[in-house]
Amino acid sequence: GVTEEEYTTSLGPEQIIGNLLLGNWNSLSVSMSEGKSGSLFFHSYDGKFLIKTINAFEKQNLVRILESYYDYISNNPYTLLVKILGLYRIKTAWVIAMTNVLNPLKESKDGFEDGFEEIYDLKGSTQGRTNGGKGGVKKDLDFKRLIRIESRKRKMFINMMKKDTVFLSSHNLLDYSLIMGVKQVRRKQLMEGEGNKGEEFVGRLEDVTGLEEFYVGIVDFLTSYDLKKQTETYVKGLWYGKKDISAIPPADYSSRFVEFISSRFVEQSLTIAPQSTEKW
């Protein structure tokens, strides 16, 4: 969980909310979403938390599911759903504060540094789902590999993902993504025991060689299957085919999402000699 002291220190009014109001950008790191939403992201100085702008419809959906969401997060400590910690209104904009899935930051003499070699945004759809080799965040069509993980950990991961997406589907939500950061584990880190250490935490996986770690979480789950999305299903479905587009009914979206992720994370018993990463 997140303590009040930890939240206040990293993301309190004097750190981000107050700085946004006062126009003081010194302690903020800002980036623009690479998706269609055009959302702004502000990172806390230590990388533990994010502030993200959301639109009025997403705000309405958060308020609508808030009680159920809180109960679900409380009763499922290993959920992959990103934890939303606060909702604020700054002038005419709505923003949410949330935990940062991609936060393996370590403090050094030069400040904080990450170490992700790749970052993926995965939905399970294919229409328009590539970054075109331009660098930055990769998408479904760019994910041309299999990740081998220990069978028990894979089962925990897939089962939690199924449960999470069923929850989202029950609230008529879709268009969410699995965000994944790929981090190389250096030989020195392995010798010093800085890998996963067998943690029962499904949001942090490692391949069977122990040379790669994968930070994963489900994000951007505040879009409902409203009339606009239903119209998108009809129009894009005629043009591209419903199998390939993002906007499909929530139950179908959930099934496709789980099927796609499951097909990329394959199990391997630890009693079997590790194999090299496969390329498709």
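Q: How many aromatic pairs does the structure hold?
A: This is a predicted model, and the structure holds nine aromatic pairs.

Q: Take tyrosine 69 and phenylalanine 221. Is the pair stacked, tilted or edge-to-face?
A: Look at the angle between the ring planes. Under 30 degrees counts as stacked, over 60 as edge-to-face, and the rest as tilted. Here the planes stand at 40°, so the pair is tilted. The ring centres are 5.9 Å apart.

Q: Which parts of the chain does this pair tie together?
A: Tyrosine 69 sits in helix H3, residues 56-75. Phenylalanine 221 sits in the loop between strand S13 (212-219) and strand S14 (223-224). The pair therefore ties together parts that are 152 residues apart in sequence. Both tyrosine 69 and phenylalanine 221 are buried.

Q: What about the rings of phenylalanine 157 and phenylalanine 265?
A: Use the angle again. The planes are at 65°, so this pair is edge-to-face. The centres lie 5.1 Å apart. Phenylalanine 157 belongs to helix H4, and phenylalanine 265 to strand S15 (residues 265-268). These parts are 108 residues apart in sequence, so the pair ties them together. Phenylalanine 157 and phenylalanine 265 are both buried. Ring pairs also link Phe157, Phe214 and Phe265 into a cluster.

Q: Which residues touch the most other members of the largest nonpolar core?
A: That core has 53 residues. Phe157, Met180, Ile218, Phe221, Phe257 and Ile261 touch the most other members. Helix H4 (residues 151-170) gives the largest share, six residues. Another core, of five residues, lies apart from it, and Phe42, Ile51, Ile90 and Val95 are among them.

Q: What does phenylalanine 257 touch?
A: Leave out residues up to four places away in sequence. Then phenylalanine 257 touches Leu122, Lys123, Met161, Thr165, Tyr176, Ser177, Leu178 and Ile218.

Q: Which residues of H7 are buried?
A: First the general idea. An α-helix has 3.6 residues a turn, so residues three or four places apart point the same way. Now the case. The buried residues of H7 are Pro250, Tyr253, Ser254, Arg256, Phe257, Val258, Phe260, Ile261, Ser262 and Arg264.

Q: Serine 254 is in that list. What is its relative accessibility?
A: The cut-off for buried is under 20%. Serine 254 has 7%, so it counts as buried. Beyond residues up to four places away in sequence, serine 254 touches Thr165, Val166, Ser169 and Tyr176.

Q: Is tyrosine 240 buried, partly exposed or exposed?
A: Partly exposed lies between the buried cut-off, under 20%, and the exposed one, over 50%. Tyrosine 240 has a relative accessible area of 40%, so it is partly exposed. Tyrosine 240 lies in helix H6 (residues 227-240). Its contacts, not counting residues up to four places away in sequence, are Gln127 and Ile245. The C-alpha atoms of tyrosine 240 and glutamine 127 are separated by 7.4 Å, though these residues are 113 residues apart along the chain.

Q: How many cavities of 30 Å³ or more are found?
A: Rolling a probe the size of a water molecule over the atoms shows where empty space is left. A search of the whole structure finds two such cavities. Strand S3 (49-54) and strand S5 (93-99) each supply at least two of the lining residues.

Q: Where is phi positive in a residue other than glycine?
A: Lysine 91 is one of the cases, with phi near 60°. Lysine 91 lies in the loop between strand S4 (84-90) and S5. At 71% relative accessibility, lysine 91 counts as exposed. Aspartate 175 has phi near 70°, also a positive value. Its loop runs between strand S10 (173-174) and strand S11 (177-184). Aspartate 175 counts as buried, at 15% relative accessibility.

Technical notes:
Residues are numbered from 1 along each chain as its sequence is written. This is a predicted model: local features need pLDDT of at least 70, side-chain atom pairs count only at pLDDT 80 or more; totals for chains, interfaces and linings use all residues. Side-chain values use heavy atoms; hydrogens and water are left out. A nonpolar core is a set of buried Ala, Val, Leu, Ile, Met, Phe, Trp, Tyr and Cys residues joined through side-chain atoms within 4.5 Å. Buried means under 20% relative accessible area, exposed over 50%, partly exposed in between (1.4 Å probe, protein chains only). Helices (H or I, at least four residues) and strands (E, at least two) are DSSP runs, numbered from the N terminus. Contact means heavy atoms within 4.5 Å. Rings of Phe, Tyr and Trp (its six-membered ring) pair if their centres lie within 6.5 Å; planes under 30 degrees apart count as stacked, over 60 as edge-to-face and the rest as tilted. On a 1 Å grid over the protein atoms alone, a cavity is a set of points where a 1.4 Å probe fits but cannot get out, and a pocket is an open set with protein on both sides within 12 Å along at least five of seven lines; lining residues have an atom within 4 Å of a point. Grid points are joined across faces, edges and corners, and a volume is the space filled by probe spheres set on the points.
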